[in-house]
Amino acid sequence: MIAVASVVDAAVSRLCAAGFSRDEARRDAGVLARAILQWSLADWLARSSTEAPEGFHATLDALIARRQHHEPIAYLLGEREFYGRVFRVTRHTLIPRPETEGLVDAALAWLHGRADDAVHPTRIVDVGTGSGCIAITLALETASAGAIVSATDISADALVVARENAGRLGADAVRFHQGHLLADVPLPVDLIVSNPPYVPARDRLSLQPDVADYEPPAALFGGGDGLDIIRPLISEARRGLSPDGVLIMEVGLGQADHVVTLLEAAGFSRSEIHADLQGIARIIVAHAPRSPAGLGL
């Protein structure tokens, strides 16, 4: 008899031989094994000494072979949890990260503060939606308020994944648009949210191979200083927001002050910076003035 734990131990050794730390290797092999077996952690503790079922060894071996080359666990499993929901992800979509949940928190805080004063359903756009995790989460979290949520992306492949996530999670009302930035979304809107590409191209070599070698470059890199997408996003948001509307976006390490300067130059009335759990200035909430800028269309 070959026990499940023995198969996993062999997988851990393979990952260690590929340069992973033992803790990292044990964590990754355990996550993959439990996913294959559809076991909880409690199941693992109770049943890991039992005989490995047919096909388990071969399936785990195939996944470990890919993980040895640093393919992210999220792509191996085809899913990632975000804001308490499981989203399908592929190599066409950025992998949702915990810090981006702070963007959703900031958006919900603004929406809750606005609710009593709203004279029409809030119109929301998620720019660069990827897997759809931000747009879908906002749609589901604001379902009782009747918000109108749209999402854009330049990638047709990413939008296939986003639409699938929306249907599976019950957010069929989200409207998806293929195109750059605000694409063909009807304007004005009240809230624009975005996790844009903001990694400076020069930082590519410093990224972990899990990120640099696998996640879509168009969703990661924002030119020489990381702001090549953020600059036109600010400009389009200023024209496309309703009076007193808000742009909420995620930015990279050391970028917040520069981005606030760009927002001020574009005519936003004020900006707030929120730190993530590591203390990094990560989320910017920029308020449009109460008088319209004009859509410039």
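The model is predicted: local features need pLDDT of at least 70, side-chain atom pairs count only at pLDDT 80 or more, and totals for chains, interfaces and linings use all residues. Residues are numbered from 1 along each chain as its sequence is written, and side-chain values use heavy atoms, with hydrogens and water left out. Helices (H or I, at least four residues) and strands (E, at least two) are DSSP runs, numbered from the N terminus.

- Helix α1 (residues 4-17) has 14 residues, and its first and last C-alpha atoms are 20 Å apart, close to the 20 Å expected at 1.5 Å a residue. The expected span is 1.5 Å times one less than the number of residues.
- Val-4, Val-7, Val-8, Ala-11, Val-12 and Leu-15 are the buried residues of α1. They lie on the same side of α1 because they cover an arc of only 145 degrees around the axis, the arc being that of the directions from the helix axis to the C-beta atoms.
- Buried means under 20% relative accessible area, exposed over 50%, and partly exposed in between (1.4 Å probe, protein chains only).
- An α-helix has 3.6 residues a turn, so residues three or four places apart point the same way.
- The cover over the buried residues of α1 includes α2 (22-37), α3 (41-47) and α4 (56-67). Contact means heavy atoms within 4.5 Å.
- The buried residues of α6 are Leu-103, Val-104, Ala-106, Ala-107, Leu-108, Trp-110, Leu-111 and Arg-114. These buried residues pack against β1 (79-82), β3, α7, β6 (189-194), β7 (241-250) and β9 (281-287).

**Salt bridges**

- The structure holds 17 salt bridges, each defined as a side-chain nitrogen of Lys or Arg within 4 Å of a carboxyl oxygen of Asp or Glu.
- Glu-24 and Arg-67 form a salt bridge at 4.0 Å, N to O. Glu-24 lies in helix α2 and Arg-67 in helix α4, so the pair ties together parts that are 43 residues apart in sequence.
- Glu-24 is partly exposed at 27% relative accessibility, whereas Arg-67 is buried at 3%.
- A network of salt bridges links Glu-24, Arg-27, Asp-28, Arg-67 and Asp-210.
- Between Arg-85 and Glu-141 there is a salt bridge whose closest N and O atoms are 2.9 Å apart. Arg-85 is in strand β2 (residues 85-88) and Glu-141 in helix α7, so this pair ties together parts that are 56 residues apart in sequence.
- Arg-85 counts as buried at 19% relative accessibility, and Glu-141 is partly exposed at 33%.
- Arg-231 and Asp-228 form a salt bridge at 3.7 Å, N to O. Arg-231 is partly exposed at 33%, as is Asp-228 at 44%.

- Asp-126, in strand β3 (residues 123-127), is buried but has no salt bridge; Arg-163, the nearest side chain of opposite charge, is 13 Å away. For charge, Lys and Arg count as positive and Asp and Glu as negative, while His and the chain ends are not counted.
- Not counting residues up to four places away in sequence, Asp-126 touches Ile-134, Ala-135, Ser-150, Ala-151, Thr-152, Val-193 and Ser-194.
- Gly-132 sits in the loop between β3 and α7 (133-141) and is buried, with a relative accessible area of 0%.
- Leaving aside neighbours within four places in sequence, Gly-132 contacts Phe-87, Thr-137 and Ala-162.

**Backbone exceptions**

- Most residues other than glycine have a negative phi, and most peptide bonds are trans.
- The peptide bond from Leu-187 to Pro-188 is cis, with omega near 5 degrees; Pro-188 is in the loop between β5 (175-178) and β6.
- Tyr-83, in the loop between β1 and β2, has a positive phi near 55 degrees and is partly exposed at 23%.
- Asp-244, in strand β7, has a positive phi of about 70 degrees and is partly exposed at 32%.
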